Amino acid sequence: MADKRVLVVGGGLGGLSATMKLAELGIKVDLMSLTPVKRSHSVCAQGGINSVNDATRQLGDNEYKHFDDTVYGGDFLNHQPPVYEMAMWAPKVIDLMDRLGVTFNRTQEGFLDRRRFGGTLYKRTAFAGATTGQQLLYALDEQVRRWEVEGLVKKHEMWDFLGPILNDNGQCVGAVAQDLFSMEIKSFKADAVVVASGGCGLIYGRSTMSMTCNGSAASRCMQAGAKYGNAEFIQVHPTAIPGADKLRLMSESARGEGGRVWVPRKPHDSRAPKEIPDSERYYFLEERYPEYGNLVPRDIATREIFDVCVNGGLSVEENRQCVYLDLTHIEASELNRKLGGILDIYRKFQGVDPCYTPMRIFPAVHYSMGGLWTNYDKKESGGLIAGSPKNQATSIPNLYAIGEVDYHYHGANRLGANSLLSCIFSGLFVAPGLETLLSNQGPGSVAAEQPQSLYDEAVKKQQERHESLLKQSGEENPYLIHQEMGALMTNAATVVRHNNQLEEAIGKLADLKARAWKCSLSDTGTWSNQNVLFTKAMQDMFPIAEAILKGALARDECRGAHYKPEFQLPGLTAEDPAEHRRQAEEWCDKFEQNIQKFLKTSVSTYDGKDVTISYEDVDTSIEPPRPRFYGLVGAEQISEVWQERKKKKKEAAQAAVTN
Amino acid sequence: MIAHANKPKTFFVKILRQDAPGKPSYWEKFELDYEPELNVISVLQKIAAKATTAGGQKTTPVCWDCGCLEEVCGACTMVINNKVRQSCSALVDKLLEDGREIELKPMSKFPVVRDLYVDRSRMFNALKKVKAWIPVDGYYDLGPGPKQSRGDQEMAYPLSECMTCGCCVEACPQYSKIELTPNVGETPEEFEDRKVDTFNRNFVGAAAISQVALFNLNPTGKMNAGERLDALTEEGGIQVCGNAQNCVAVCPKKIPLTMSIGRIGRAVTFNTLRKWFDRPAKKH
Ligand SMILES: Cc1cc2nc3c(=O)[nH]c(=O)nc-3n(C[C@H](O)[C@H](O)[C@H](O)COP(=O)(O)OP(=O)(O)OC[C@H]3O[C@@H](n4cnc5c(N)ncnc54)[C@H](O)[C@@H]3O)c2cc1C
Ligand code: SF4
Ligand code: SF4
Ligand code: FES
């Protein structure tokens, strides 16, 4: 197998872990990235990475509970066998990272320290200061550098993946890419291609993501025929610092330590915040949720902040949406002791000290749960068959996807500290499957046997696109089109979604798309032309943007991050016990009908012109779906009815077996 | 707190541009409307969208490097008003406190690719030279890593925050620019080899020395401490450092570079002596 090669596109946590594992198996890897891999977006992750551990185990935690929290948090849209396998591996993944030298925080006895994250009762999260992602990425980067020295890995940094190359049988046999400096377009032969290109936040203009998270690689696979799953599921974080260039994350712990969220009652009150008396401040979370106050769950906080600004018109500033997150009532010394690290980010980037002036924050697009559709090979006993080439395979043979760009781990909503895990896990897990694939590849399907014309043709096609872009004349400016697209997507498809707005947005997106092909470039040069690279990436955002909007329009329900108030199942209203019970029964009926109809993966495909949506069943074979109740009136009664039904079903199933 | 009052209606950005390696550099000036809360990255984004100089001439967008926009990836380093730093955390309001103009230049110790974009591959090469990794047996499950004290973790963590940004070497008087061009008849592979060889014979810089300190602290990394120290004894190693301490003053992550250099300097001396005494005795 010595001369077989795998091309890995992307050197974040996903791509690097796949690369090092492949190299360990003796497989040669070409590793491609837009940036030096050490600068990949994964460096941004602050919080940590989850696994069951010896301490939580003794409190009753186990891998199954980690699995259950993940699928419950994901509103059961996750495919369960891969999630189950990931939870089983999580402790081993963290052990490995520990061995690789990640500077995890320690307990006084020298064990890994853990903290608690949202969506669970256990302290599962290992962390390295406030830079866990950076530390994990560096450990993997170092291992890959080691393999580079050994000669098993060849890096192609500052290359833009332009698309997979498929042979006549529709198998992926390599890729075309472009050098960001020389602008040379070249083909790469590969017996398998693994896409690990991360999220697509830039489709929303600004997000908490890095400048490379433009979704271009995923879109180019989609344009080559790959299926894209659950596009409409985009996680929005409630508190980010709006910046002209980026929306930087402000951790939830600011509210945890007593931060209060408010807006002036008078729209865009021009007084300095400290001069606005309490009676003229609207502490909307505290007023609307007297019980939880500022610490309502993430999705609710996000929705309320959005509502107060967008529907209530009460944004602090007139030209920009934001609310105050106020810590100034707490002693500065205490704030600096407990929140120093995150307050520094605010000081550094806003030049304002949150100890004395309330922060201005607004929700921001943070994570794409959806991504390239991927397969898996399931084991009867739950989990996956290790070493099967079906795991992480996209719908194009020999093309794989891992990390944030795949779709099946996080369902409708990702839990904090679970993404770093899914990235590293999917990277490590895909490697033995690829080993099997490569050793079983029949004649005709290996890259070395493909006609050279196939590769030349692919290069030629990309060369033509490139040149026609340089020559193109028109009125449009690619940067302004991108800004418009960002505004359009942010308004229609983030926190609260309405069908009329989505329909309108689909129309506007089509107009924008037509304009995107009429851009004239201000740089027509042939050396390090960022203008043309940006324009290509921007044009390639359209298929995914369209998939997000169409997926959201078709999904008439509320699930995880996808919230359509029109289709929310209302809480129970009746006072009379019998009526209350009847309403709960009705609620459960509706919930079951909803499962029948919408507990489905949305699958987007692109025919070169339009995106079409179809649906596939979700594998919920391990843990049956159950309702999520955050803040629902009548939750107890509904839960009781639901438990009774579950019991009955179980009895019926057992009876069927014994008969 | 930065006052937004008394800010000019517009401000100027002067950029040292260069179209490609080996081409002459030239200044270009841009005028932008003042807005509160801009940073240098958003200024460059606005310049890219407008692509017009202060004199109203059409020009090409300025080329620059960036990634995270939160000062953790190290990509966006440049020289801003004569100070090397990250452009994402350089706030316009602060910069304008000293005048109406902001000056941007590429780092001077690396070859310019174009405009403000430089090629820092020499820094990544240094990480290979000093074997900056933990040589684990493999990636199969072998249980947890060695236990470590809180004190050790607290010593290692700051070192592990190095983002290879290059500020330290930009400020270092002992680190000089290497810019090579392919010779006639040289294959790309031969050129690459010559480049690596030249890099290896010149100063590794403070960042790489500090990485040796990091890996030699790690309980597993320690086992190969000698190899890393050997690499720093070779040409271009730690002996080049003149102890000017410029590096530590500019590191955005406040990494205790001079402490690393001191510690590794002593370890290198000890390592050399030990090897000298361990030489097999000459046969008579
Ligand atoms: C601010 C922030 C904080 C977070 N905190 C946490 C946390 O605490 N815990 C957690 O679990 N998750 C967290 N996440 C999520 C997590 O960081 C990401 O999901 C994860 O790092 C993604 O890793 P990846 O390997 O899939 O891709 P990335 O790290 O995004 O890497 C993508 C790679 O693909 C390359 N690439 C992309 N397009 C192309 C192309 N066209 N051609 C060539 N190469 C290409 C890039 O150069 C890069 O190397 C956070 C996210 C953000 C934004
Ligand atoms: S040591 Fe500091 S200045 Fe030098 S590369 Fe690392 S982070 Fe940058
Ligand atoms: S102490 Fe050494 S490495 Fe640092 S600036 Fe001075 S000469 Fe350079
Ligand atoms: S863009 Fe990453 S450090 Fe500035």
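Where is A:Ser333 placed? A:Ser333 sits in helix H10 of chain A, which covers residues 332-350. The structure is a predicted model.

**View 1. A:Ser333 is an exposed residue of helix H10 in chain A.**
The relative accessibility of A:Ser333 is 52%. Exposed means over 50%, so A:Ser333 counts as exposed. Now look for A:Cys355, which is 22 residues away along the chain. The C-alpha atoms of A:Ser333 and A:Cys355 are separated by 8.8 Å.

**View 2. A:Asp68 is a buried residue of helix H3 in chain A.**
Helix H3 runs over residues 63-73. Is A:Asp68 buried or exposed? A:Asp68 is buried, because its relative accessibility is 13% and buried means under 20%. Set aside the neighbours within four places in sequence. A:Asp68 then touches A:Glu623 and A:Arg626.

**View 3. A:Ala231 lies in a loop between two strands of chain A.**
The loop links strand S11 (228-229) and strand S12 (234-242). A:Ala231 has a relative accessible area of 3%, so this residue is buried. Which residues are in contact with A:Ala231, leaving aside its neighbours within four places in sequence? They are A:Gly370, A:Ala547, A:Ile548, A:Ser602 and A:Ser604. A:Leu438 gives another distance to trace. A:Ala231 and A:Leu438 are 207 residues apart in sequence, and their C-alpha atoms are 31 Å apart in space.

**View 4. Three strands of chain A form an open antiparallel sheet.**
The order across the sheet is S3-S5-S4. Strand S3 (49-50) and strand S4 (114-115) of chain A are the edges. Each edge strand pairs on one side only. Strand S5 of chain A covers residues 125-126, and two bridges join this strand to S4(A). S4(A) and S5(A) run antiparallel.

**View 5. Strand S16 of chain A is covered on both faces.**
In a regular strand the side chains alternate between the two faces of the sheet. S16(A) spans residues 323-326. A:Val323 and A:Leu325 are on one side. A:Tyr324 and A:Asp326 are on the other. All four are buried.

**View 6. Strand S16 of chain A pairs with strand S14 and with strand S17.**
Strand S14 of chain A runs over residues 260-264. S14(A) and S16(A) share three bridges in the antiparallel sense. Which residue of S16(A) is the bridge partner of A:Arg260? The partner is A:Asp326. Strand S17 of chain A covers residues 359-368. Three bridges join S17(A) to S16(A), and these strands also run antiparallel. Here A:Val323 stands opposite A:Ile361 in S17(A).

**View 7. Helix H1 of chain B is largely enclosed by the rest of the structure.**
H1(B) covers residues 40-50. Why is this helix called largely enclosed? Eight of its 11 residues are buried, so the rest of the structure largely encloses the helix. The buried residues are B:Val40, B:Ile41, B:Ser42, B:Val43, B:Leu44, B:Ile47, B:Ala48 and B:Ala49. Part of the cover comes from chain A, namely helix H13 (478-492). Just after H1(B) comes B:Ala51, with a positive phi of about 50°.

**View 8. Chain A is built from 17 helices and 21 strands.**
Chain A has 659 residues, and 63% of them count as buried. A compact globule with 659 residues would have a radius of gyration near 26 Å. Chain A has 25 Å, which agrees. The C-alpha atoms fill a box of roughly 75 × 70 × 55 Å along the principal axes. Chain A exposes about 24200 Å², with 50% supplied by carbon and sulfur atoms.

**View 9. Chain B is built from 10 helices and seven strands.**
Chain B has 284 residues, of which 53% count as buried. Its C-alpha atoms fill a box of roughly 80 × 55 × 40 Å along the principal axes. Chain B carries 38 positive and 34 negative side chains. The centres of these two sets lie 4 Å apart.

Terms used
Residues are numbered from 1 along each chain as its sequence is written. Chains are lettered from A and ligands numbered from 1 in the order in which they are written. Side-chain values use heavy atoms; hydrogens and water are left out. The radius of gyration is taken over C-alpha atoms; the globule rule is 2.2 Å times the number of residues to the power 0.38. Buried means under 20% relative accessible area, exposed over 50%, partly exposed in between (1.4 Å probe, protein chains only). Accessible areas come from the Shrake-Rupley method with a 1.4 Å probe; for residues, only the protein chains shown count as cover. Two strands pair if DSSP finds at least two bridges between them. Contact means heavy atoms within 4.5 Å. Lys and Arg count as positive and Asp and Glu as negative; His and the chain ends are not counted. The place of a charge is taken as NZ of Lys, CZ of Arg, CG of Asp or CD of Glu.
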